[in-house]
Amino acid sequence: MFGPETQHIINMGKRVQLNAPGHAHELTFSCFQNRRFLMRRQYCDYLCQTISAMRDQYSVHLWAYVFMPNHVHLLLYPTRPEYDLGAILQSIKQSVSRKVIRDARESSCGELEQFRTGVKDRPYRFWQKGGGYDRNIVSKTVVRSAISYIHNNPVRAGLVKSPEDWEWSSFRDWEGLGAGPIFIDRDYLSMT
């Protein structure tokens with residue numbers, strides 16, 4: 001499954017995504033202006049629904065995740081030999097953003113203002129512009145480390161004392177403590 005260790009390639013000062021077969025991807029993307037939009041349950045539910053649909057559409061295994069109040073961490077493994085990580089990420093971000101903005105427009109409590117950008121061609125935004133952070137992972141040791149990092153994010157942020165106390169995480173699935181809000185494909189990752 002994994003080959004030689006590979007990280008990002010830098011090409012003329014820009015990060016280049018490696019859509020390489022056999023690579024897992026650790027993704028991090030943030031809410032617009034680092035706002036805590038994901039404190040709202042409905043927005044997290046939209047994110048769960050969208051990630052589940054993305055998995056089927058793009059043949060991606062989800063190995064770990066956590067939704068923080070202002071950002072998201074995912075550990076994905078595309079199963080097709082050819083894939084476009086940018087398209088996968090765009091499908092997640094675009095779908096959630098459209099649902100949230102639609103709801104805010106229909107709301108009578110002025111909720112839409114929190115998403116206002118002040119930019120004419122893109123007046124509202126849920127996610128921070130750009131692809132966020134991603135890295136290719138090609139070793140089981142790094143996969144284990146990434147999963148631990150993802151699960152311990154709420155603890156490091158002081159939101160909970162233990163990772164099992166954070167609802168929007170795959171930690172409970174990994175520890176056999178019950179199912180989280182999104183099915184994870186742990187059976188497809190041999191951690192031994």
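Cys31 is buried, with a relative accessible area of 0%; buried here means under 20% relative accessible area, with a 1.4 Å probe and protein chains only. This is a predicted model, in which local features need pLDDT of at least 70, side-chain atom pairs count only at pLDDT 80 or more, and totals for chains, interfaces and linings use all residues. Residues are numbered from 1 along each chain as its sequence is written, and side-chain values use heavy atoms, leaving out hydrogens and water.

How many disulfides does the whole structure hold? The search returns zero, taking a disulfide as a pair of cysteine sulfur atoms within 2.5 Å. For Cys31, the closest cysteine sulfur belongs to Cys44 and lies 8.6 Å away, too far for a bond. Cys44 has its own closest cysteine sulfur in Cys48, at 6.8 Å, which is also too far. Cys44 counts as buried too, at 1% relative accessibility.

## Helix H1

Cys44 and Cys48 bring us to H1, where both are among the buried residues, along with Tyr43, Tyr46, Leu47, Thr50, Ile51, Met54, Arg55 and Tyr58. Helices (H or I, at least four residues) and strands (E, at least two) are DSSP runs, numbered from the N terminus. H1 covers residues 41-58, and its end C-alpha atoms are 26 Å apart, in agreement with the 26 Å that its 18 residues should span at 1.5 Å a residue. That expected span is 1.5 Å times one less than the number of residues.

The buried residues of H1 pack against strand E4 (60-67), strand E5 (71-78) and helix H2 (85-106). Just past the helix, Ser59 has a positive phi of about 55°.

## Helix H3 and its bend

Where does H3 bend? The bend is at Ile150, by about 30°, with Pro154 following within four residues; the angle is taken between axes fitted to the seven residues ending there and the seven starting there. Ile150 and Pro154 are both buried, as are Val142, Val143, Ala146, Ile147, His151 and Asn153.

The partners of these buried H3 residues are strand E3 (24-30), E4, E5, strand E6 (133-137) and helix H4 (171-175). Beyond the helix end, Gly158 takes a positive phi of about 75°.

Note on methods:
Buried < 20%, exposed > 50% of the residue type's maximum accessible area, 1.4 Å probe, protein only. Contact = heavy atoms within 4.5 Å.
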